[in-house]
Amino acid sequence: MVEVIQQGAYLVDGQIIPAGQAQGQPAPGEAREKTIAYSILRAHNKGTDPRKLRIRFDALISHDITFVGIIQTAKASGLKEFPIPYAMTNCHNSLCAVGGTINEDDHAFGLSAAKKYGGIYVPANQAVIHQYARERLAGCGKMILGSDSHTRYGAYGCMGVGEGGGELVKQLLDNTYDVAAPEVVLVYLEGKPRKGVGPQDVAIALVAATFPKGLVKNKVLEFVGPGVKELSCDYRIGIDVMTTETSCLSSIWETDETIQKYYENVGRPGDFRELKPGSGAYYDSVVKIDLSRVECMIALPFHPSIAYTVHELQANPEKIFAEVEAACNKQLGGRVTMDLRRNIVDGKVTCEQGVIVGCSGGMYENIVEAAHILDGQSIGSGYFDMSVYPSSTPISLAITRNGVAARLMEAGCVMKPAFCGPCFGAGDTPANNALSIRHATRNFANREGSKPGSGQISAVALMDARSIAATARSGGVLTAATDIDYELPTAGELEYRYDGGVYAKRCYEGFGKADPTVELRYGPNIKDWPHMPRLEEDLLVKLCAVIHDSVTTTDELIPSGETSSYRSNPIGLSEFALSRRVPEYVGRSKAVRALEEAREAGEIPAGVQEVLDRVGGDGRRTTVGSCVFAKRPGDGSAREQAASCQKVLGGFANICYEYATKRYRSNCINWGIVPFTMDASEEFPYEEGDWVYIPGLKKAIAGGVEEMTAKVIRRDGSVHDLPLKCAGLTEDEKLILQEGCLMNYYAAGYGRD
């Protein structure tokens, strides 16, 4: 189904030739320039070093969990006008009943910012962030930066990158996105999917084959091959959007007449051009996918890579569920027990909820085919229920006009507006220990809205819309779409007739129309960033959270769902930091922050000086902060709050074996949190309450010193050496860390021409 070849290869006239067998081909570095990815990256690069890219994007996009903080940061850093199109969608906090006026206050702030700075504003429920970008911003050969991890538009010939808000701030202030020139992975598609197999099935198989060993981390996936022409636009983007879960940097696909027709359909024919790799393009590794062999898949909690075929799970649910339960309950840390086996009834897996939603599930073709599967059927009157969220109002209009929505409603499904809530825990929360099957992007712990700290847990499994509909047709009994008989939609029924009139009537298109006289609208929950201390010559940090899980997700660092109501209130939001993983973290960090506040005021707290006396430190030249250790932090969301909340609470360092994503590491740097790493072969025996002292850190960062020896002062008074690394910093990143955060960097006069 999926084959990973971990060696370089050339693509010559459509044939994959291993590097060791290629005769007369250019060197890999030269031939890599023939990839589609590099043709786009080089066109957007403003730097001179071919190994280090300095990218300027064509457009930016954010949603209402992130755009207020981004604009507040940019405003504090000197923003006058948006230099490129910047779209702000309202698709995450559309439920204004949560938090009183908080959500709508933020929406009003967004519209006022669009008017003041010349932006694009998309009102609540008009479109999810990525569908708006697909329909209005994407273009062949373009690049878009989004403050959401699923910023992926490669199927449309447009490279999307998801990052934290700090990177968007840099673009708004005419600076660059700096990244090492990435490796490129060839994803070679062949064959044709079978009836009942959808894009989510292919995506889950791809994630399972690549994510666990980090095979494509921070690389670009380039999709080519004869199988591409067998896939519709919606099918391609359904695979593409899930490439985020492989931990790749970005993605790109070859384009053809199918993509050309898409751009014609959305009224932007000029944004199409054919993209193909040059003959002899070099790829650093290869992933081959035989689409004809892909089966209906299910990804069990708590990651899209925990993948099985539906048939495997049907055949042995007791064993598989027991194994998954054990791993999940270990991750939950004993706070609550997941019981997947309660969902086995008479030997069959039963589900209590089905959801088709968002940038992966809510696409036109997914919904149309689900309606065909449920045509004339019923989801029943038992525990199973089903919701369908089209990803944009134009899609809602199309399925309303052609009767698809009516078919789903007649079967018992609930039709809902464009909204991302179920993807991050703000909508359709299932019952305790229920099994929810979703065509969504993620199934991390707590993403469905349960609260382990309150004894509440439910499980999300990812599936394709087709198998979700087949399961609904079976009254909630897990069913692969390949196992039922249904009529496929005709070509005419699958034709998405885009009508952008509602966008023209409801969205504010203000790029190039900045009006500095407009006053920003503030609500009581929209707060400025608090003071961020600078880095002194030395750094002393206290371990306030030590996590030995194999991976720590962004959702564990700062929970999603109901906490997002505080996303425009840095201090209020920080109260939730690590609340579902290390509840004591906030109190511990606040206590350390108080020590630094006292030190800045001229008083060296006795406890701090006592610790420093053991290692010969001087409190007058030593910043005091908190620190998190996790083996591999930052998998998942691009939300910068995972780092900014630590900083607000006094955080100054992370220590890990490696960062799960570049975007989390970038978030740490932009918020002045030093991104230390250590040798993965070394144990980390230290505990909460121990101190870590790094002498001469500021000078080391400025001088490009990448290896240093810290001193750990344990609670018993003993002192131990701890080798640390802080490698690969750009010149700008070095300055940001020294100044204490990105805002301080701009306030100090850096980053301006």
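Hi everyone, thanks for coming. Please keep in mind throughout that we are looking at a predicted model.

Rolling a probe the size of a water molecule over the atoms shows where empty space is left. So what is the volume of the largest pocket? The largest pocket holds about 890 Å³ of space. Its lining is made up of 37 residues, and nearest the centre you will find Asp-178, Val-179, Ala-180, Arg-665 and Gly-728. If you want to find the pocket by its secondary structure, two or more lining residues come from each of strand E4 (52-55), strand E10 (177-180), helix H24 (662-670), strand E31 (674-677) and helix H26 (731-739). Which element gives the largest share of that lining? That is H26, with four residues.

Let's turn to the second largest pocket, which has about 560 Å³ of space. Here 21 residues form the lining, and Ile-306, Ala-327, Gln-331, Ser-550 and Val-551 are the closest to the centre. Helix H11 (residues 317-332) makes the largest contribution to this lining, with five residues. The lining of the second largest pocket splits into nine nonpolar, seven polar and five charged residues.

How many cavities of 30 Å³ or more does the structure hold? There are nine of them, and the largest cavity has a volume of about 220 Å³. Around the largest cavity are 22 lining residues, with His-63, His-92, Asp-148, Phe-424 and Arg-447 nearest its centre. Helix H5 (129-136) and helix H16 (421-424) each bring at least two residues to that lining. In the largest cavity the lining counts 10 polar, eight nonpolar and four charged residues.

On to the helices. Two packed helices are described by the angle between their axes and the distance between the axes.

The crossing of H13 past H17 is right-handed.

In the second pair, H13 meets helix H15 (residues 404-411) at an angle of about 45 degrees, with 9 Å between the axes. H13 and H15 are therefore oblique to each other, and their crossing is left-handed.

Elsewhere in the chain, helix H3 (residues 67-76) packs with helix H6 (residues 165-172), again with an angle of about 45 degrees and axes 9 Å apart. That angle makes H3 and H6 oblique to each other. What is the hand of the crossing of H3 and H6? That crossing is right-handed.

Last, the backbone. Most residues other than glycine have a negative phi, and most peptide bonds are trans.

Between Pro-301 and Phe-302 the peptide bond is cis, with omega near 0 degrees. Phe-302 sits in the loop between strand E16 (297-299) and strand E17 (307-309).

Ser-247 is not a glycine, yet its phi is positive, at about 75 degrees. You'll find Ser-247 in the loop that runs between helix H8 (233-240) and strand E13 (250-253). Is Ser-247 buried or exposed? Its relative accessibility is 3%, and buried means under 20%, so Ser-247 counts as buried.

Leu-578 also has a positive phi without being a glycine, in this case about 55 degrees. The loop between helix H20 (570-574) and helix H21 (585-600) is where Leu-578 lies. With a relative accessible area of 0%, Leu-578 is buried.

That's everything from me, and I'm happy to go back to any of these spots with you.

Key
Residues are numbered from 1 along each chain as its sequence is written. This is a predicted model: local features need pLDDT of at least 70, side-chain atom pairs count only at pLDDT 80 or more; totals for chains, interfaces and linings use all residues. Side-chain values use heavy atoms; hydrogens and water are left out. On a 1 Å grid over the protein atoms alone, a cavity is a set of points where a 1.4 Å probe fits but cannot get out, and a pocket is an open set with protein on both sides within 12 Å along at least five of seven lines; lining residues have an atom within 4 Å of a point. Grid points are joined across faces, edges and corners, and a volume is the space filled by probe spheres set on the points. Ala, Val, Leu, Ile, Met, Phe, Trp, Tyr, Cys and Pro count as nonpolar, Asp, Glu, Lys and Arg as charged, and the others, Gly among them, as polar. Buried means under 20% relative accessible area, exposed over 50%, partly exposed in between (1.4 Å probe, protein chains only). A crossing is left-handed if the near helix is turned anticlockwise from the far one by less than a right angle, and right-handed if clockwise. Axes are lines fitted to C-alpha atoms, for helices over the stretch in contact, and angles run from 0 to 180 degrees between N-to-C directions. Angles under 35 degrees count as roughly parallel, over 145 as roughly antiparallel, 65 to 115 as roughly perpendicular and the rest as oblique.
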